[in-house]
Amino acid sequence: MSTHFDTLAALDAAYHLPTYARKPVLFVRGEGMRLYDDEGREYLDFVGGIGSVNLGHAHPAVADAVCAQMRTLVQVTNLYHTENRALLAERLSELAGGEPWKAFFCNSGTEAIEGVIKLARKWGKVRRGEECIEIITAERSFHGRTMAALSATGQPSKQDAFAPLLPGFVHVPLNDIAALEAAITGRTCAVLLEPVQGEGGVYPCEEAYLEAARQLCDERDVLLAFDEVQTGFFRTGPAFAWQGYGVRPDVMALAKSLANGLPAGAVLATGSAAETFAPGDHGSTFGGGPVIAAAALATIEALESEGLGANAQATGAALTAALTALAADTGAIAEVRGRGLMVAAELAEPVAQVIAARCLERGVVINAIGERVLRFLSPLVCSPAEAAILVDTLRAVLGAA
Ligand SMILES: Cc1ncc(COP(=O)(O)O)c(C=O)c1O
């Protein structure tokens with residue numbers, strides 16, 4: 001480690017609330033799939049800002065759009081019309097397709113979920129009465145860290161220290177249609193699901209489950225909301241994961257790669273859900289601001305023109321196949337899960353943190369969830385050859401471990 005690294009790590013220890021156990025590396029530059037540390041060492045990045053740089057690091061089109069907008073107009077608040085926000089809302093509606101979608105812009109995934117929760121509660125109250133405020137989410141889900149999003153999250157380990165949580169959330173086991181059906185009552189205003197659970201360990205919803213959720217929501221007059229914060233922007237192939245399932249929600253939460261690494265979030269709503277909010281119901285000082293919206297427009301344009309959804313599917317399939325072969329060869333991997341370039345390897349032994357640390361030493365950046373799950377969320381520019389380097393590294397490291 002360099003002296004510079006030591007100095008900065010000491011500052012982190014002295015002056016940060018310790019909400020993160022940071023790894024022993026100082027990244028100073030990125031380009032595409034690659035990160036570089038303060039000593040010029042190159043890394044292949046399979047964390048991708050935890051799925052927030054789908055275009056790859058330091059994409060020139062986003063950098064140019066941001067720089068130009070910074071010199072033109074940075075901020076005027078949402079009380080006035082601005083060009084990029086209007087164009088971005090239209091672009092997102094086109095990406096989602098079908099009946100028009102209406103957007104509310106915010107700054108993060110957890111804020112997008114707060115917006116979904118407020119929208120669903122108001123929708124339920126107006127449509128079916130004061131009691132209709134309950135939201136059903138999945139066990140093991142992750143929806144964010146602010147109090148309402150944390151209450152929606154289905155992970156007691158992240159929640160217990162901060163109780164009492166917000167009332168009005170019911171958690172059901174994922175992919176259990178009967179449990180979902182039984183949980184929907186006259187008090188239910190929405191069902192909120194990640195099409196592929198991310199933070200919980202990369203568990204895809206089954207197609208029949210999402211189809212049943214859509215049907216149940218239609219029959220019982222309940223909103224179907226998808227948290228596409230991690231799955232969105234071509235991560236699983238299509239622009240939004242639900243398009244791959246063919247199950248259209250009424251509301252969705254977006255963030256992460258919306259502006260390729262700059263803080264951005266959005267709620268998109270369609271149909272009656274889009275008629276819920278009135279002026280004054282919700283707001284954000286910075287959401288959809290000119291610079292972020294410029295970054296988002298450039299991001300979406302490049303994701304499409306570079307064909308990165310198709311690449312996510314092709315490289316994701318190659319990665320999944322190679323991990324499956326590695327599992328068969330070594331016995332060290334109990335299960336490979338995922339869709340597109342949202343992939344996890346569940347280890348047979350509780351050594352995920354050690355494996356991630358060893359990969360980092362070898363210049364391969366991966367994320368460990370708990371003690372058993374390795375998660376791979378590379379930028380969507382990842383080539384099959386780069387995915388093969390990851391698998392070769394894992395083979396060496398798992399063998400040594
Ligand atoms: C599915 C999902 N929802 C919400 C969030 C919260 O997003 P943010 O960290 O931008 O608040 C995350 C973050 O990982 C996520 O994966």
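Student: In which handedness of crossing does helix 13 pass helix 14?
Tutor: Right-handed. That term applies if the near helix is turned clockwise from the far one by less than a right angle, left-handed if anticlockwise. This is a predicted model: local features need pLDDT of at least 70, side-chain atom pairs count only at pLDDT 80 or more, and totals for chains, interfaces and linings use all residues. Numbering starts from 1 along each chain as its sequence is written.

Student: At what angle do helix 13 and helix 14 pack?
Tutor: About 125° for residues 352–361 against residues 384–400, with the axes 10 Å apart. Axes are lines fitted to C-alpha atoms over the stretch in contact, and angles run from 0 to 180 degrees between N-to-C directions.

Student: Which residues make the contact?
Tutor: I355, R358 and C359 of helix 13, with T393, L394, V397 and L398 of helix 14. Contact puts C-beta atoms, placed from the backbone, within 7 Å. By class there are five nonpolar, one polar and one charged. Nonpolar is Ala, Val, Leu, Ile, Met, Phe, Trp, Tyr, Cys and Pro; charged is Asp, Glu, Lys and Arg; the others, Gly among them, are polar.

Student: How many helices and strands in the protein chain?
Tutor: 14 helices and 17 strands. These are DSSP runs numbered from the N terminus: helices H or I, at least four residues; strands E, at least two.

How values were computed: Contact = placed C-beta atoms within 7 Å.
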